Amino acid sequence: MVSAGSAALAAVAGGDDATAVSAASLRQVRLTPEKTAAAGFSMATAVSQSLQHEHLVPGRIQYDDRRHVVVRSATAGIVVRLLVRPGQQVQRGEVLLEVNSSEVGDARADALQRTSELQVAQESSKWARETCEGLAALSQSIRQRASIDSIRQQFRSVVLGKSREVLLSTYSELLLAEVQWKTAEENAKAGVIPGRVVIEKRQAYDQLEETLTSQLEERSFEARQLQLQTESRQQDAERRLRIARQHVRTLLGSADDEAVSAEAGESESALSVIQLRAPFAGSVEQLNISSTERVEASAPLLTLADTTTLWVAADLRQREWRALQLQPGDKVRVIPAVEGMEPREATIHFAGREVDPTTNAVPLVSVIDNADGRLRPGMFVRVAIPVAAPRTTLTVPESSLLEHDRQPFVFVPAGQDLYERVDVQPGLRTDGLVEIVQGLREGDRVVAEGAFFLKSELLLQGESE
């Protein structure tokens, strides 16, 4: 393809008429070496690459709601220590301020009381359980007719409660009655004593055996009942302690049991103190209280935010609704309205489902990185919303495109210190690039920086002629 400017130049070289020479001279600019050096031209090459049709919509930088919180006190009290100032960076878990609250003191004291009651219930339950186990083992030894001395030795350190002496005393009597009965049988066979004595001894033995059996059953039942009762009391104590701790956690706004009370060794004077800690690392954006100030329950004390990531909120109106096809994780360009700040990439967080009847728009929220801290909440930006599928086309830098009398054109080098105007038909413009529909071919060189200087020289040259 031969451009109009190239044809005019050829006409001049071939000695065409004066009209052709004039036309060529109005499309070309020859500079002196000094002007060329002063202009600081830079060149670019027309190349084919992917472009996507975008609409620029206004947006605002906002706090990331996931990393932005208003710290409040769950109970009324007095600020006794204020450890931060506006703009201060804090780490996760760092103490921000301390509030003295009598309600918290009462709740912590109740939790401590419930802890003591649980310890007593646990000891009682343990004692009752060991008593049951000891009685079961004792009953087994008695059924096996172990000697009284071996039983006393075996169960010396076993918990038996009040049943120890009663059962061992009856068992001793039973063993003695058994010996007397056996001895009476031997003597009766030898004719030493009458047979009725044997019967009496046997009856005494049987009676003691029944008494011991009854005692074992009763004592085992009582021990089992006591075990069930102590276990029930322990479970009730555990429930009451959980409730008390949950009440303290609610007042403290914490899920950490360490903050519940002085169980970890805090002094009694600290029972009523709430330590409000940072839920995440960030900066103190706003401070609403001062030291020694009285605060009410749920009153906003300070605002904490992590601004390393921010949200970009934009409204999509009807002509941008095609962008609602964007999915979380897709990328968009954000152009800050601050001189010197380059466009940044943001990631789609969500697109609204409902059209606002007032604005007739759908909200679109993206997440943008702000690790350098240059973006601030409330800042105005423009968001480049893709509204068509990307396509491959011929492009040049947008800085190379000029316009005169509503005719777009670029300058191409035509020789040493010689530049020629080439009319083009532009298309899409995005991200500093412009599509060239007609007028250039891939690989053509254009003036990217300094083109406006050439336009001024061309217009001055036209006026002088």
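## Helix packing and strand pairing in a predicted model

Thr170 lies in helix α6 of this predicted model. At 7% relative accessibility, Thr170 counts as buried, because the cut-off for that class is under 20% relative accessible area. A polar atom of the Thr170 side chain lies 3.0 Å from the backbone oxygen of Val166.

Helix α6 covers residues 163-189, and its axis comes within 8 Å of the axis of helix α7, residues 195-252. The two axes cross at roughly 160°. Angles over 145 degrees count as roughly antiparallel, and α6 and α7 are therefore roughly antiparallel to each other. Their crossing is left-handed. By class, the contact of α6 with α7 has 13 nonpolar, five polar and seven charged residues.

Strand β23 takes part in the two antiparallel pairings listed below.

| Strand | Partner | Sense | Bridges |
|---|---|---|---|
| β18 (residues 391-397) | β23 (residues 433-438) | antiparallel | three bridges |
| β22 (residues 425-430) | β23 | antiparallel | four bridges |

Strands β22 and β23 form a hairpin with two residues between the strands. In this hairpin, Asp431 takes a positive phi near 50°.

Conventions. Residues numbered from 1 in each chain as written. Predicted model: local features only at pLDDT ≥ 70, side-chain atom pairs only at ≥ 80, totals over all residues. Heavy atoms only, no water. Axes fitted to C-alpha atoms, helices over the stretch in contact; angles between N-to-C directions. Parallel < 35°, antiparallel > 145°, perpendicular 65-115°, else oblique. Left-handed = near helix turned anticlockwise from the far one by under 90°. Nonpolar A, V, L, I, M, F, W, Y, C, P; charged D, E, K, R; others polar. Pairing = 2+ DSSP bridges. Buried < 20%, exposed > 50% of the residue type's maximum accessible area, 1.4 Å probe, protein only. Polar contact = N/O pair within 3.5 Å; in protein donor to acceptor, adjacent residues only side chain to side chain.
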